[in-house]
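Trainee: I would like to learn how to read charged pairs and a helix face from a model. Please take me through them.

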Amino acid sequence: MKEKEIIIPMLEVSYSELNDRQRHLVDMAREATGRSYAPYSKFRVGAAIELDNGQIVTGSNQENAAFPSGTCAERTAAYYAHATYPDARFKTIAIAAVGTDGHEIPEPVAPCGACRQALLEYETLAHHNVEVILVGSRAIYVLPSVRSTLPLAFSEF
C-alpha cells in the first residue's frame, strides 16, 4: 500500500490584492446574489463568468419546491454563457454567497460536486485553465483552475 497526498494550489487574498479585472468579476458575483431565488434554503449564491470575448455572464441559484430541480448559480451562469456565446471560452469564474443571516459569508464556499464537474466540461472545451475566485467577506481564494477544485477528475484535458 502506498499513501499519496493531494495538494491543491490556492492563494488567499484580500479584495484589494485582486487586480481590476478580478475585482470587477467579484463585484458582479456579489451583485448576482441579489437575484437569487432561495425561499427554502435562504442561502443566496451568485456567479460571474468572464469569457474570452470580453463578455461577463452572471447567474444565481434558483430553488424549487420540487427539490432538487433547482439550479446552482454556477451552472445557471455556465449554461447561459455557453448557450448565448457558444464560440466563446471561459476565462474566470467568481462565486460569492450570502448566508441565511443576510450577510456575505465570511469564508468562501466552493461549488458543489455537480457544478465542479459541469465547470470542468467548459474548462476542457476551452483547452486552458479557467481561474476560480471564491469570495468571502474575510478571505478570497484564487485557484488556478476548475480542475484544482476537483482532484482526480474525469476529463480528457
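Trainee: How many salt bridges does a search of the whole structure find?

Mentor: A salt bridge is a side-chain nitrogen of Lys or Arg within 4 Å of a carboxyl oxygen of Asp or Glu. By that rule, the search of the whole structure finds 7 salt bridges. This is a predicted model, in which local features need pLDDT of at least 70 and side-chain atom pairs count only at pLDDT 80 or more, while totals for chains, interfaces and linings use all residues. Residues are numbered from 1 along each chain as its sequence is written, and side-chain values use heavy atoms, with hydrogens and water left out.

Trainee: Where do R23 and D20 lie?

Mentor: Helices (H or I, at least four residues) and strands (E, at least two) are DSSP runs, numbered from the N terminus. R23 and D20 both belong to helix α1 (residues 20-32) and sit 3 residues apart, about one turn of the helix. Their closest N and O atoms are 2.3 Å apart, forming a salt bridge.

Trainee: Which parts of the chain does the pair K91 and E50 link?

Mentor: K91 and E50 form a salt bridge at 3.7 Å, N to O. This pair links distant parts of the chain, with K91 in strand β4 (residues 90-98) and E50 in strand β2 (residues 44-51), 41 residues apart. For accessibility, buried means under 20% relative accessible area, exposed over 50%, and partly exposed in between (1.4 Å probe, protein chains only). K91 is partly exposed at 35%, whereas E50 is buried at 10%.

Trainee: What about R138 and E107: where do they lie?

Mentor: The closest N and O atoms of the R138 and E107 salt bridge are 3.6 Å apart. R138 is in the loop between β5 (131-135) and β6 (140-143), and E107 is in the loop between β4 and α3 (113-126), so the pair ties together parts 31 residues apart in sequence. R138 is exposed at 63% relative accessibility, and E107 is partly exposed at 38%.

Trainee: Which residues are linked in a network of salt bridges?

Mentor: The network links R21, E50, K91 and E131. E131 lies in strand β5 and is buried, with 17% relative accessibility. The C-alpha atoms of E131 and K91 are separated by 6.4 Å, although the two residues are 40 apart along the chain.

Trainee: With which side chains does E131 make polar contacts?

Mentor: A polar contact is a pair of N or O atoms within 3.5 Å; within protein, one must be able to donate a hydrogen and the other to accept it, and residues adjacent in sequence count only if both atoms are side-chain atoms. The E131 side chain makes such a contact with the side chain of R21 at 3.4 Å, and another with the side chain of Q22 at 3.0 Å.

Trainee: Which residues of α1 are buried, and where do they fall around the axis?

Mentor: Q22, L25, V26, A29 and A32 are buried in α1. Viewed down the helix axis, the buried residues fall within an arc of 120° (taken from the directions from the axis to the C-beta atoms), so they line one face of the helix. On the other side of α1, D20 and E31 are exposed.

Trainee: What do the buried residues of α1 pack against?

Mentor: Contact means heavy atoms within 4.5 Å. The buried residues of α1 pack against β2, β3 (56-60), β4, β5 and β6.
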